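Please keep the sequence and the structure in view while reading.

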Amino acid sequence: KFLRPKGAVKDTKELEFLVALLQTTHNEAESFMDGSVDAKDVRAFLLSRYGIQLTETQVREVIFRGLAGGEGEDEEMDILEIVAILMIPMLVKVSDAILGSDSPDARLSSMDEDKKRLLPPSDIIEDVLQDILHDTTDGAYDVEHPPPLTPALLRQIFLEYDELELVRDDDLIQQMIDMASESSSSSMDDDDTLKDGESKSSPVLNVKAFAKALTMDTNLYNPENETRYSEVYNDVFPEGFEEGVKIGEETAGKSKTMNRAPSVVGETFQKITTFSHMDYTADNFVHVIHVVLVWLVVVFSYFFYMSPVSGVPKAEFLEDEADTFGTRVGFSVFGWTVTMLKLVIVGSTVSFLLALGNGLFQKSILEPIVGLASVVVLVFLPYYMPETNFVFNTNFSNATNVTDSSHNTTNATDDSAHEYFLYDFKELFDIMMIFGVLLVIVQLKNLVTIVFGTSDKLKKNPAFMMLENFLGSNVKRAYGSKQAAVYKINEMARNAYDLHKLDEKAAERKELKREVSIEATGGQNEGEGEKTGLGDKSSRAIALQKYNDLTDDSDEVGGVIWAWKEYISGNLGVTEGVWLPSRLIAANVILFFTIFVVLYICTMIFTGFIWGIEEFFDAAQLKEVIYNTDCFSEFDYNDCYFPFEEAAFYTGVAVCRDVSLSGPGCDDLFEEADPESTFGSAIGNMCDSFNAAFAPFEKQVGDLLGGASCPYVLDAAKKSVVDVLGAYNYSAEDSELFYNVCYRYTYMEDEDISKFNEWFDDDTYYPDITEETLADCGIVASIVSPETFVDSYQGREEAAFAGFQICMDLYKSLSPRPFCEEPFYFPTESIITYEKNRTDTEFCYSYLSLCVADQYNPSRGTCVIGEADGRYYRFGGAYENYPSINKTMNHYQIFVEPTEQSFLSLFPAQWMLTLTAAIGITSGLIAALATALVYVPSSIHTILKFRSGVIPSLKDPKFISYRKNLHNQTYMIGSMFWVRLCCLSLLYRGCC
């Protein structure tokens, strides 16, 4: 809250502020404080606000000639002339009431509420004339006894009010008398009283003559525009003037009081294109909500449709030894630079296209049509057609290939982090659809308005007004501003009017002066006491005394609640005429949206964190088999190897061959990973551990063939395959590949074939396995038979063939590669795997971890089980029936669990985490809302302080600096956005 002046003092300060704003070229303190507005100022205002292009000569001869009293090159409008201009609407309405034939009651009954609220003081012209006659004739005449209108009277009036130049202007005085003589209203009324020697037919200065003289040259002003639902521009140019307007004698102010026509008669002035739909300075928009929606789309597109930082993956440019801190900083700076360029170029383009149709001066239906098309292309298409390119990244299905915080990858980028963000919060995408639908509604309204127009009757319809209020119509705001202007001018007149009347304080002063005068003269002047008081002073003297008394009076206004209440109710617009910039409203709305989006994200992240902690601390045991239709997994205990079991040490995991996966979602639940950085020495050397899972079967082959290994047996088979298929022009590599695929297909179970065809239904690289495929592959697979090993293993052909089958089942290839050369995959979420020999109620289960897929049957692979979310020994169910698993869990209970529980006891309890997060999120929400809620009241209070002189304007040289640096306010809007953006980014990074 703040204290501001009252009455006429406040009005004076507001007039000074108005003049200070209009001066655009006065950059020296002396010329600025003079408070004069010249042709350059008016030209700049018309051009920037309405796009009306006038020359300075045209401004002087069309505008200043009638309003500033001249047309010279040095002609300017001072505060007094500006006040006279502002008083025209009020004087016209009072004059119409005086000169009209209707009775006051009849006129009042025909007015609507808006017009009644804007009624001026009805007696102001009569009372002003009374003061003029009192000051100039020493009480000899009054409004009931009007004086003759003579040159002497006019000169006396000019002298009384210090218009010395006009005293000797005989031509002007004669023109004024002639004009009054031609008017029947300037003759005496029946109620006027004659004085001795005066003729009733001679012109007199009565109320009607005075009213008509004040408003005779303002006959173009239409008071109906004050309550017309329109913008000021449309009041002056209802049809617009895209082709230019020719300046005629009437337009240039040619009248009987001017002897020559202005030199600019016959010239034209144009309206230039100002792209009003993007003019955030002049604020010439149709709907504020359109501006808000455009900015919301631009800002939230950054989160949902673009990568936060389009950094260049450094792996494409740098060797490992060049990956230093300096290079990381350099690439980070480069990434943010690219992002800024995207925001500047793409953001400007998007905002320009989406804002089309929102220009107040646009008349073409092409703009809203292009705007509608832009909404479809820029808002709806990225939502329904996921795409990843330089500008957009909306394909969040790729998020399944992005690691979470518990796993490491070698190629995680900012784009992949963005995809993971989208995957986690893809429901927030619906916000963009809401914005898009609202933009379509606004553009359709604009289109209908242009095609069909809006009648005055429709504009007063309650439903239409409700829609306009919802859309934040600028015409509605202009309508309120016009009413505020009339209201404030009426108040200014009343305040000035009250200055000339004796109030209680002035009456008390008058009485005291009379008593003091009587006391000082010993009662000799008692009869003349009245003449020594204020009663004999001119109205100007009374006004000056009362104005001086008012300078110490003030009233308290303001407050956050008051400002929001006045703004939402609309009172601020129709009484104070405060017009908040659309960009400020847009920025504030963005803040509110961002606050609640961040609140939602934080809540979701925290909920997931608590769920993960709960699962980490207390993993619930499954009571029955959960058949996941998206992805279901099985393992065979007999195909598992437990690292270091031979040393009676159990790491908590096992490596199992031939783990099966079934379900359409399995392929999307794995990401490529670095096995060494994931496990390290937890299970020993990764390659050795995986190879050890095959050692018992390698030994079985050696026992069959007297120490021969799988590579030796498979090499003999490969030579036979290459020889046979080479006869059909197959290369050695193609022959081996052909055989490997066909061998795998031939020995697949029906369940595996169904899963394979389901997984790769639309994949041309892996065609469906059909009966024909199996038949052809059966022929290829039969190439290797016991006869193949006649030369290598004479007499042991059958054993060699059996060993060959064991090796092919193990390695699925005639040329097996070490596991370190195979790609490893990690599940992006917990996948339960069950031992295949189970019932629905008695079963053993674990969790899948690192896997190597069977390259010819991706539905199977070799996997590490027993690890999930960074914890080992994750076996459950009836594991007692499986000796190695049982020993692993016994080892855990004896050696690992006590230490683990001791460590876990250091963590805060779940209720502590919940309470801390709730307090933090709530406090952050309150602080953020408090910050966002203060911007609008702060702007309102600053405006009111300038208007009331609490912050000096015209008399303060610093105001020149304020005015010249007005563009700096755009930085504040940007900082509001970027602070929220950085907070959101840091919060998300920190939580994840």
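## Aromatic rings

Rings of Phe, Tyr and Trp count as a pair if their centres lie within 6.5 Å. The model discussed here is predicted. Ring pairs join Tyr712, Tyr739, Tyr743, Phe789, Tyr793, Phe801 and Phe804 into a cluster.

By this rule, there are 32 aromatic pairs. One of them is formed by Phe959 and Tyr962, an edge-to-face pair with 6.1 Å from centre to centre and 75° between the planes. Both residues belong to helix H38 (residues 958-964), where they stand three residues apart, about one turn of the helix. Phe959 counts as buried because its relative accessibility is 4%, whereas Tyr962, at 38%, is partly exposed.

## Disulfides

The whole structure contains five disulfides. In one of them, the sulfur atoms of Cys631 and Cys666 are 2.0 Å apart. Cys631 lies in the loop between helix H27 (582-617) and strand S6 (632-635), and Cys666 in the loop between strand S8 (654-662) and strand S9 (670-673). The link is right-handed, with 110° about the S-S bond.

Cys742 and Cys777 form another disulfide, with sulfur atoms 2.4 Å apart. The torsion about this S-S bond is about -55°, so the disulfide is left-handed. Cys742 is in helix H32 (residues 732-746) and Cys777 in helix H34 (residues 771-781), so the pair ties together parts 35 residues apart in sequence.

Cys844 is buried, at 0% relative accessibility.

Definitions and conventions
Residues numbered from 1 in each chain as written. Predicted model: local features only at pLDDT ≥ 70, side-chain atom pairs only at ≥ 80, totals over all residues. Heavy atoms only, no water. Phe/Tyr/Trp six-rings, centres within 6.5 Å; stacked < 30°, edge-to-face > 60°. Helix = DSSP H or I, 4+ residues; strand = E, 2+ residues; numbered from the N terminus. Buried < 20%, exposed > 50% of the residue type's maximum accessible area, 1.4 Å probe, protein only. Disulfide = S-S within 2.5 Å.
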